[in-house]
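Dear colleague,

Please find below the structure that I am handing over to you.

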Amino acid sequence: METRAFTPPAGFVDLLLDAVCVVDAEGRFLFVSAACERIFGYRPEEMVGTLMIDMVAPEDRERTLDAARKIMAGDCKPNFENCYLRKDGSRVHILWSARWSQPNQVRIAVAHDITERKRAEALQAALYAISEAVHTAGDLCSLYPQIHCIINNLLPAPGFTIALFDATHEHLDFPYHVPGLDDASAASAAAHHALCEHVSRTGQPLLLKRASPAGLPDSLRDAAEQVAPCWLGLPLASGNGVIGALVVMEMSDSPCYTERDQELLQFVSTQIATAIERKRLHSQLRHMAQHDALTGLPNRMLLLDRLDTALARARRDIHGFSLLYVDLDKFKPINDLHGHETGDKLLQEVARRISHCVRDSDTVARLGGDEFVVLLDRACLMGDAEVVAEKISAELCSAICVRDLQLFITPSIGIAVYPEHGDTPQQLLRYADDAMYQMKKSQRTH
Ligand SMILES: Nc1nc2c(ncn2[C@@H]2O[C@H](COP(=O)(O)OP(=O)(O)OP(=O)(O)O)[C@@H](O)[C@H]2O)c(=O)[nH]1
C-alpha cells in the first residue's frame with residue numbers, strides 16, 4: 001500500500017496540551033503555541049518579544065539562567081523543573097524539555113504543567129510533616145511554629161494564626177499569632193479576632209480578598225476591610241467538633257489565595273486539628289500523671305524528678321538546697337467532724353498558702369493526705385530554710401474559712417539540708433520526715 005507523505009498544517013502545534021516555546025539567544029520569546037495561554041495565563045501575542053526570565057519565579061531565576069546556558073552549550077535538558085508566575089500572579093510548576101538549535105540560533109522547549117502533581121506531593125509532604133511534628137514537638141507551644149513552617153511550604157503565609165476555644169468553649173485563645181507585616185493597629189487586631197470567632201463558630205471557611213467581602217454578615221463587613229488584603233480562615237474541625245480556627249494572611253493582594261488554596265488548607269487543617277487534640281490529650285495525661293488532682297500541686301513522682309534535677313545541679317554548681325516536710329496536726333478530726341468535702345477545701349487552701357510563701361523556682365508538692373513537701377531551690381543553709389518554715393507556719397496557723405466555718409490548724413515542719421542530711425532524694429526525704437515527726441511529738445507533749 002502506498003504511503004503518502006504528510007506535512008502538518010500550520011497551527012498543528014496548537015493542538016498540543018503542552019506548550020511549545022521558542023526563544024532567541026537572549027531569552028526572548030519568538031514563538032509560543034496556544035497552550036501557553038492555559039499554562040501561563042498570557043495570550044501568545046502578549047508573550048512574544050518579552051524575556052522568558054521575567055516570568056520565572058524570583059527564587060528560580062538563577063537556576064533557570066544556568067540551565068539555559070548549559071542547553072545553549074549543547075547539553076540536552078529533558079527534565080528541568082522550575083516555577084513561573086502566571087499573569088494573575090499565581091504560580092505554575094513546569095517540567096521542561098529543551099534543546100538548542102544551532103542552525104536557527106534558538107532554544108526550542110516544551111513546557112509540561114506539573115502544578116497538580118507538585119500540589120499533591122506538597123500535600124503529602126505536609127501531612128507527613130504534621131504527624132512527625134506531633135511526635136517530635138515537646139509540647140503544644142513548640143508544635144505551633146512547626147505547623148506554621150509546614151504551611152509556609154504549601155503556600156505563602158507570612159501572617160499566621162491559630163485560635164482555639166478555651167475549655168468552656170466561650171472564648172477564643174490565640175496561642176500562636178504571627179501578624180505578618182503591617183498589621184499592628186488595635187482596630188485590625190480586633191477585626192482579625194472577630195473574623196476568627198466567625199470561622200470558629202460557623203465552622204465554615206472564609207476567604208477574603210480586598211474586593212470580596214460578599215457573603216459576610218453586615219456586622220463583619222467593616223472587619224473584613226481592616227484585616228490583611230488576603231485573609232483565609234479555616235475551621236479547625238476534628239472528630240469532636242470545631243476546636244478553633246487557623247488563618248493564613250498575605251500582605252499584598254497579588255497573588256491572592258484561591259479557592260484551590262482553601263480546599264488544600266481545609267484538608268490540612270483537619271489533620272492539624274487532630275494533631276492539636278492529640279497533643280493536648282498527651283499533655284493532659286502527663287499533667288495528670290505528675291500532679292495531684294485535688295490541689296493541682298506536683299505529686300510524689302514529679303517531686304522526685306525535681307529532686308534528681310536539684311541534686312545534679314547542686315553537685316555541679318556546689319549550690320545546696322533544702323527540703324521542708326509539712327504535715328498538718330489533727331487534720332483527721334476536721335474531716336470527721338465537718339466532712340470530707342470541707343477537708344478537701346482546707347487542703348486546697350493549705351496548698352495555696354504554702355505556694356504563696358515560696359519562690360516560683362521552688363517546688364511545693366503534695367505527697368498525699370495532709371503531707372506536703374517543699375523543695376527550696378538554692379536555700380542551702382539551715383537558717384534560710386527555718387525562715388521559710390516559720391513563714392509557712394504563720395500562714396497556716398491563721399484561720400482558714402471554708403463556707404461559714406473558721407478552721408484552725410497547725411503544721412509540723414521537718415527540715416533536711418543538702419548535703420549535711422543526705423545525698424540521695426530518699427535519704428533527704430526520710431531525714432525531713434523524721435524531723436517533722438520529732439516536732440509533732442514535741443508539740444503533742446506541750
Ligand atoms: N478531705 C481529705 N482528707 C484526706 C485526703 N487524703 C487523706 N485524707 C485524710 O487525712 C487524714 C490524715 O491522717 P493523719 O495525718 O493521721 O491525721 P492527723 O489528724 O493530721 O494526724 P497527725 O498528723 O498525727 O496530727 C486522714 O483522716 C485521711 O483520711 C483527701 O484528699 N481529702
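Which backbone atom lies 3.1 Å from a polar atom of the side chain of asparagine 299? In this predicted model, the atom is the backbone nitrogen of methionine 301. Asparagine 299 itself sits in the loop that joins helix 9 and helix 10. Its relative accessibility is 15%, and because buried means under 20%, asparagine 299 counts as buried. Beyond the neighbours within four places in sequence, asparagine 299 is in contact with Met288, Ala289, Gln290, His291, Asp292, Ala365 and Arg366.

For orientation, here is the chain as a whole. It has 446 residues, 43% of them buried, and it contains 14 helices and 16 strands. Of the contacts with a separation of 6 or more, 57% are between residues 24 or more positions apart.

In soluble globular proteins, nonpolar side chains tend to be buried together. The largest nonpolar core in this model comprises 36 residues, and those with the most contacts inside it are Ile151, Phe160, Leu236, Val248, Leu265, Ile272 and Ile276. At least two residues of this core come from each of helix 5 (115-136), helix 6, strand 6 (159-165), strand 9 (230-238), strand 10 (241-250) and helix 9 (259-290). A second, separate core of 30 residues includes Ile334, Leu347, Val388 and Ile409.

Not counting residues up to four places away in sequence, glutamine 146 touches Ala133, Thr136 and Ala137. Between glutamine 146 and threonine 136 the C-alpha to C-alpha distance is 10.0 Å, with 10 residues separating them in sequence.

How many cavities of 30 Å³ or more does the structure hold? There are 2.

The largest cavity has a volume of about 200 Å³. Its lining consists of 16 residues, and Met52, Trp96, Ala98, Arg107 and Ala109 lie nearest its centre. Strand 1 (19-24), helix 4 (61-72), strand 3 (77-85), strand 4 (91-101) and strand 5 (106-113) each contribute at least two residues to this lining. By class, the lining of the largest cavity has 12 nonpolar, 2 polar and 2 charged residues.

The second largest cavity holds about 50 Å³ of space. Ala310, Arg313, Ala314, Asp317, His319, Gly320, Phe321, Asp377 and Arg378 form its lining. Helix 10 (residues 300-317) gives the most to that lining, with 4 residues. The residues lining the second largest cavity divide into 3 nonpolar, 2 polar and 4 charged.

With kind regards

Key
Residues are numbered from 1 along each chain as its sequence is written. This is a predicted model: local features need pLDDT of at least 70, side-chain atom pairs count only at pLDDT 80 or more; totals for chains, interfaces and linings use all residues. Side-chain values use heavy atoms; hydrogens and water are left out. On a 1 Å grid over the protein atoms alone, a cavity is a set of points where a 1.4 Å probe fits but cannot get out, and a pocket is an open set with protein on both sides within 12 Å along at least five of seven lines; lining residues have an atom within 4 Å of a point. Grid points are joined across faces, edges and corners, and a volume is the space filled by probe spheres set on the points. Ala, Val, Leu, Ile, Met, Phe, Trp, Tyr, Cys and Pro count as nonpolar, Asp, Glu, Lys and Arg as charged, and the others, Gly among them, as polar. Contact means heavy atoms within 4.5 Å. A nonpolar core is a set of buried Ala, Val, Leu, Ile, Met, Phe, Trp, Tyr and Cys residues joined through side-chain atoms within 4.5 Å. Buried means under 20% relative accessible area, exposed over 50%, partly exposed in between (1.4 Å probe, protein chains only). A polar contact is a pair of N or O atoms within 3.5 Å; within protein, one must be able to donate a hydrogen and the other to accept it, and residues adjacent in sequence count only if both atoms are side-chain atoms.
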